[in-house]
Amino acid sequence: MDRATFACSTAFFRDYNSSSQGAFCLPGGHVDFIEKVESFTYSDFFRDYLIPNHPCIFSAKFTEDWGSRRNWVTWDGKPNFDHLLQKFGEAVVPVANCDVKEYNSNPKEELPFKEYIKYWKEYIKNDYRSSRGCLYLKDWHLSRAFPEQDVYTTPVYFSSDWLNEYWDAIAVDDYRFVYMGPKGSWTPFHADVFRSYSWSANICGRKKWLLYPAGQEEYLKDRHGNLPFDVTAPSLQDRSVYPRYNQSQPPVEIVQEAGEIVFIPSGWHHQVYNLEDTISINHNWVNGCNVAIMWCFLQDELAAVQREINEWKDPMDDWHLQCQLIMKSCTGIDYKEFYNFLKVIAENRISVLENGLDDEASAKNTPKAAISTLGMLHAVFDLKRTVKVLTSLSANEDFKKLDLTSLSPPPEALLHHLKAAIDTALL
């Protein structure tokens, strides 16, 4: 990112209250289409889409050199089942049944990949019908299971990815997924984990997206405060059940073609349909532009847990700890892990600012290499955003009630180190 553009973007973000991004409508439901790789920079994406939290579509030119685009697709644009079986036939994959509702999602099971492909072929031959229902392979951590495979390269626009940087560092999880499903498979109405950004690239096939800007979901809740499973269901027209539905804006609709990438902004709820037999690569990601939204989401989740078990507050000695445990079981993270998340991100950037980047690290696909690619000013921006959120976390009463002695370094020491690193970098 060039210095002038980044300075402008940073100044804009300094006064931008990311926790108050309310409902708004894109003019006429328009979503920008980015056609040319050579004329679209990271600075453009940062300024026009990350900061204002707007969706966009990248053309198929951005993915044309991916191994999966070459090898996973037949000459006529269909999934190359033979190649996929050869490479991944013995894998075990998560599969959801799109015809069954379980709570507010589809039930999942684990199947051998070769069994799923056999089902998919039979499903196509039977005119997209099966007694087993419509099965959708989703949330498959293929990159983690097959790191040696030439599948794709993360575009630079999505390389400031704190979620995967953190989970890679602790070697526990990741938020990189492959989805594969027949025509008619779909994903119910939802917002992404931690209210993260997401990007989704179609390797083959077409998808239809229904997007609601952050805040619009409030108008779609029923009288009990629950979001709908399917935003196209006729029951939403019943005002006795969904009293505010008529106040909602129509969704922003996108039809995504083969090879294209859709960028989904932070906190935007969406529902997705496969219009053809489709394979896609998906990442969830958080960075300095939306980490404050993630922090607000965690506070809202904890407050919801506290309301749910408030009657046990007095008789339960460790009530605050139990609330954290319940929140982590529901969301995947609690306040202490959120602190460690911020620490890992901050320390990676401090290391680059204080020690520079050696040739070996810059040549590898590492967090430090990504920081180097985006530039030192971006590292400073990340640290400034971390300071703001970490300051809020440290002052939070629920955080202070936890046993923080296991945190190393203590929050005050980390904050001091962060501020010193920023001051030194800006000299």
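**Entry 1: strand β11 and its partners.** I looked up the residue opposite Ile261 of β11 and found Phe58. The model I am reading is a predicted one. Phe58 brought me to strand β2 (residues 56-58), which pairs with β11 in the antiparallel sense over three bridges. I then turned to strand β8 (residues 197-204), which runs antiparallel to β11 and is joined to β11 by four bridges. Within this pairing, I noted Ser198 as the bridge partner of Ile264 in β11.

**Entry 2: burial of β11.** I asked which residues cover the two faces of strand β11 (residues 261-264). Ile261 and Phe263 lie on one side, Val262 and Ile264 on the other, and all four are buried. For burial I applied the cut-off of under 20% relative accessible area. I recall that side chains in a regular strand alternate between the two faces of the sheet.

**Entry 3: the whole sheet.** I traced the sheet that holds β11 and recorded the strand order β1-β2-β11-β8-β13-β6-β5-β3-β4. The sheet is open, has nine strands and shows mixed pairing. At its edges I found β1 (32-34) and β4 (108-112), each of which pairs on one side only.

**Entry 4: β6, β13 and a helix.** I examined strand β6 (residues 176-181) and strand β13 (residues 278-285), which form an antiparallel pair over six bridges. One of the bridges sets Val178 against Ile281 in β13. I also looked up helix α7 (residues 162-170), which packs on the sheet and touches both β6 and β13. The direction of α7 makes about 85° with that of β13.

**Entry 5: the annotated span.** I consulted the UniProt record, an unreviewed entry, which places the feature "domain: JmjC" at residues 143-302. For residues 143-302 I read 15% helix and 30% strand, with the end C-alpha atoms 32 Å apart.

**Entry 6: the protein as a whole.** I recorded 15 helices and 13 strands for the protein. Why does the radius of gyration agree with that of a compact globule? With 427 residues, such a globule would have a radius near 22 Å, and the protein has 22 Å. The C-alpha trace spans about 65 × 60 × 45 Å along its principal axes. Of the 427 residues, 52% count as buried. Among contacts with a separation of 6 or more, I noted that 79% join residues 24 or more positions apart.

Conventions. Residues are numbered from 1 along each chain as its sequence is written. This is a predicted model: local features need pLDDT of at least 70, side-chain atom pairs count only at pLDDT 80 or more; totals for chains, interfaces and linings use all residues. Side-chain values use heavy atoms; hydrogens and water are left out. Two strands pair if DSSP finds at least two bridges between them. Contact means heavy atoms within 4.5 Å. Axes are lines fitted to C-alpha atoms, for helices over the stretch in contact, and angles run from 0 to 180 degrees between N-to-C directions. The radius of gyration is taken over C-alpha atoms; the globule rule is 2.2 Å times the number of residues to the power 0.38. Buried means under 20% relative accessible area, exposed over 50%, partly exposed in between (1.4 Å probe, protein chains only). UniProt positions are given in the numbering used here, feature names are shortened, and annotations may be inferred rather than shown by experiment.
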